[in-house]
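Please look through the sequence and the structure shown below before reading on.

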Amino acid sequence: MTTETIQLNDDAGAWMPVFLDMRGAPVLVAGSGVEARRKVDRLLKHGADVDLLFNGSAPEDPDLAAYLEAGRLGRIDSARRNDYRLIVVAERGTVLADEMQQHGRHHAIPVNAVDDPERCSAMLPAIVDRAPLTIAIGSSGTAPELARMIRSRIEALLPHWIGPLAQLSADLKQSIRSRFPELPRRRQFLGWLFNDAPADAMANQRPENARQQIESALADEQFTVTGSVALVGAGPGDPELLTVKALRLIQEADAIVYDALIDPRILDYARRDADFIHVGKRGGRPSTPQDEIHDHLLALTRDGQRVVRLKGGDPMIFGRGGEELEFLRKHDIPFSVVPGITAAAGCAATAGIPLTHRDHAQSVHLVTAHCQRSIDRLDWRSLARERQTLAFYMAVSRLEDVQNNLIQNGLNSTTPFAIVENGARPEQRVITGPLSELHTLAILNKVKSPSMLYIGSVTQLADRLAWFGQSPLETSNRLEIAA
Ligand code: SAH
């Protein structure tokens, strides 16, 4: 019997996590350097009554000295030596740690000795703080670095508003219990609270709105799972260029409606059971008509699904984001928008092109050269001015028009250009040259879509500042290779 119990304990490891109420609790911190200050900061945050044990007349760390001065800390008080609730040894050297270990053992006071698991009877875990929610990560003293790394990952996954939302549900705990006395229904309600409309309201910086929704759901005991759409920018390709928010929404989505330019590695972040709906061009077929995309969004949200409408780059830049939002508003479908790194910024970064530069360009123009109609509507005279950077989207099939229009409107034919094909992806290529050779060089190098075309004096820096993927080839080499 006894042996069995011991066996079970061994399986779980010796270290059992416990949350202690530290408000007003006397704690002794031995040490006065930066490590001691870190521990003191954490203890003060939890309301502990901290005494410091250190040599000399003042603590080494200036913050600790200031805390002492301001009365936020006391010096060790021999009268309560035996009443401390916790002792933290934040100073290297075994003598002090030994002494404290013995004192702790004698008076049943837990002792934590920093970086000295042998002398610890308590460990302070790495913490993700979303008060009132706290996540503690421990490694039984074996790998504190790993615990810290895991902490950063969890940190990135948990939005900051989850704390205030947890607080809100705690404030309303009594009414939630009395409105939904049966556990299954109460669970459903809490699922709705933490995942649905109230969570959206918190994420969109509308805490009042979240409270109202919860209160009105409590008033009539009704809450419906509502569909919603997040219009999310996926950046230029590299999955690591997603925003933290985009990543979270992709991971949570019930359905993902995505365009052709979305990197498949990004879709891997989604739930395996999510619906994936591809609405981009496929195998030479024309892209899905906008109406059909709208129909998808309507059907999915009517069904209560949380949809991520995933677009390449930024959804509000040459992405028809505006049209989709107008449609959603017309049908009263709740939405949010998550910006992404637009191709102009993303591809310039990976090609080493500063879009503005004190010596070269004071403005950037985002321009589309998608079709003859957009070419005809552009103000070429103003685009042909000096000291600015032009960033053309969708220009691959219109390079001759772009080159001719700019030169005819007075831009110097030696102005440098850079084409960035498949920017921010493993197969990125950068082609540079003078404007007069734009069309020829693009043909010789068989430039394909998707590509960004940059024109302006900043693009000459691409050769010098290249750091990602293949280096740009010199013009002469390229011509020789092509010949
Ligand atoms: N909303 C997107 C643009 C959509 S238009 C954004 O903000 O980036 C599509 C055009 O974007 C392509 O024709 C190409 O010009 C550009 N583009 C998108 N991703 C690109 C990439 N990885 N490399 C080069 N150009 C890219």
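## Briefing on the predicted model

The lining of the second largest pocket is made up of 18 nonpolar, 17 polar and 10 charged residues, where Ala, Val, Leu, Ile, Met, Phe, Trp, Tyr, Cys and Pro count as nonpolar, Asp, Glu, Lys and Arg as charged, and the others, Gly among them, as polar. This is a predicted model, in which local features need pLDDT of at least 70 and side-chain atom pairs count only at pLDDT 80 or more, while totals for chains, interfaces and linings use all residues. Residues are numbered from 1 along each chain as its sequence is written, and side-chain values use heavy atoms, with hydrogens and water left out.

**Pockets**

- The second largest pocket holds about 1,500 Å³ of space, a volume being the space filled by probe spheres set on grid points that are joined across faces, edges and corners.
- Of the 45 residues that line the second largest pocket, those closest to its centre are Leu261, Phe318, Gly319, His370 and Met394. On a 1 Å grid over the protein atoms alone, a pocket is an open set of points with protein on both sides within 12 Å along at least five of seven lines, a cavity is a set of points where a 1.4 Å probe fits but cannot get out, and lining residues have an atom within 4 Å of a point.
- Helix 16 provides the largest share of the lining of the second largest pocket, with three residues; helices (H or I, at least four residues) and strands (E, at least two) are DSSP runs, numbered from the N terminus.
- The largest pocket has a volume of about 1,700 Å³, and of its 46 lining residues the closest to the centre are Arg42, Met123, Leu124, Pro125 and Ala126.
- Helix 2 gives the most to the lining of the largest pocket, namely six residues, and the whole lining divides into 26 nonpolar, eight polar and 12 charged residues.

**Ligand**

- The ligand is surrounded by 19 residues, of which the closest are Asp314, Ile317, Thr342, Ala343 and Ser451; a residue counts here if one of its heavy atoms lies within 4 Å of the molecule.
- A nitrogen atom of the ligand lies 2.7 Å from a backbone N or O atom of isoleucine 317, and a polar contact is a pair of N or O atoms within 3.5 Å; within protein, one must be able to donate a hydrogen and the other to accept it, and residues adjacent in sequence count only if both atoms are side-chain atoms.

- In strand 15 (residues 416-421), six of the six residues are buried, where buried means under 20% relative accessible area, exposed over 50%, and partly exposed in between (1.4 Å probe, protein chains only).
- Pro416, Ala418 and Val420 point one way from strand 15, whereas Phe417, Ile419 and Glu421 point the other way.
- Strand 15 runs antiparallel to strand 16 (residues 429-434), to which six bridges join it, and isoleucine 419 stands opposite isoleucine 431; two strands pair if DSSP finds at least two bridges between them.
- Strand 15 also pairs with strand 17 (residues 451-455) in the antiparallel sense over five bridges, and there alanine 418 has tyrosine 454 as its bridge partner.
- The largest cavity contains about 40 Å³ of space, and its lining includes Ile419 and Ser451, while strand 17 supplies the largest share of that lining, three residues.

**Backbone details**

- Most residues other than glycine have a negative phi, and most peptide bonds are trans.
- The peptide bond joining alanine 131 and proline 132 is cis, with omega about 10°, and proline 132 is found in the loop between strand 6 and strand 7.
- The bond from serine 449 to proline 450 is also cis, with omega near 0°.
- Methionine 394 has a positive phi near 55° and is partly exposed, with a relative accessible area of 37%.
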